[in-house]
Amino acid sequence: MLFRSREILITTHCIERFRERIGPPDADEDTVREVLITPQVKEMVKVLGSGTYPVYGTIQVVIEDSKALTVIDNSKQKEK
């Protein structure tokens with residue numbers, strides 16, 4: 001089943017978490033989109049729909065209904 005192909009929107013929450021967890025602290029929406037919404041992520045969303053997708057290394061992006069909601073850096077979670 002293929003999901004309707006729509007542009008993936010970047011939420012302000014996702015931009016804030018990107019700045020906080022990944023950097024740089026002044027990253028704009030275009031920078032966040034370029035880093036997180038790779039061609040591979042777009043293809044996975046097209047095929048699988050909403051979910052948590054690997055971007056690179058320990059970085060993941062959470063996408064729901066074609067919106068990037070947040071970004072996770074698993075390397076930082078393991079330090080706790």
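A salt bridge is taken here as a side-chain nitrogen of Lys or Arg within 4 Å of a carboxyl oxygen of Asp or Glu. By this criterion, the structure, a predicted model, holds four salt bridges.

The chain in which these pairs occur comprises four helices and four strands. Along the sequence, the elements are arranged in the pattern β-α-α-α-β-β-β-α. Of the 80 residues, 36% count as buried. Among contacts with a sequence separation of 6 or more, 45% are accounted for by residues 24 or more positions apart.

One of the salt bridges is formed between Glu7 and Arg33, with the closest N and O atoms 3.7 Å apart. Glu7 is located in the segment before strand S1 (9-10), whereas Arg33 belongs to helix H2 (residues 29-36), so the pair ties together parts that are 26 residues apart in sequence. The relative accessible area of Glu7 is 55%; because the cut-off for exposed residues is over 50%, Glu7 is classed as exposed.

Arg33 also takes part in a salt bridge with Glu29, for which the N to O distance is 3.3 Å. Glu29 has a relative accessible area of 35% and is partly exposed. Through these pairings, Glu7, Glu29 and Arg33 are linked in a network of salt bridges.

A further salt bridge joins the side chains of Arg21 and Glu20, at an N to O distance of 3.7 Å. The accessibility of the two residues was computed separately. Glu20 has a relative accessibility of 52% and counts as exposed. Arg21, at 30% relative accessibility, counts as partly exposed.

Key:
Residues numbered from 1 in each chain as written. Predicted model: local features only at pLDDT ≥ 70, side-chain atom pairs only at ≥ 80, totals over all residues. Heavy atoms only, no water. Helix = DSSP H or I, 4+ residues; strand = E, 2+ residues; numbered from the N terminus. Buried < 20%, exposed > 50% of the residue type's maximum accessible area, 1.4 Å probe, protein only. Contact = heavy atoms within 4.5 Å.
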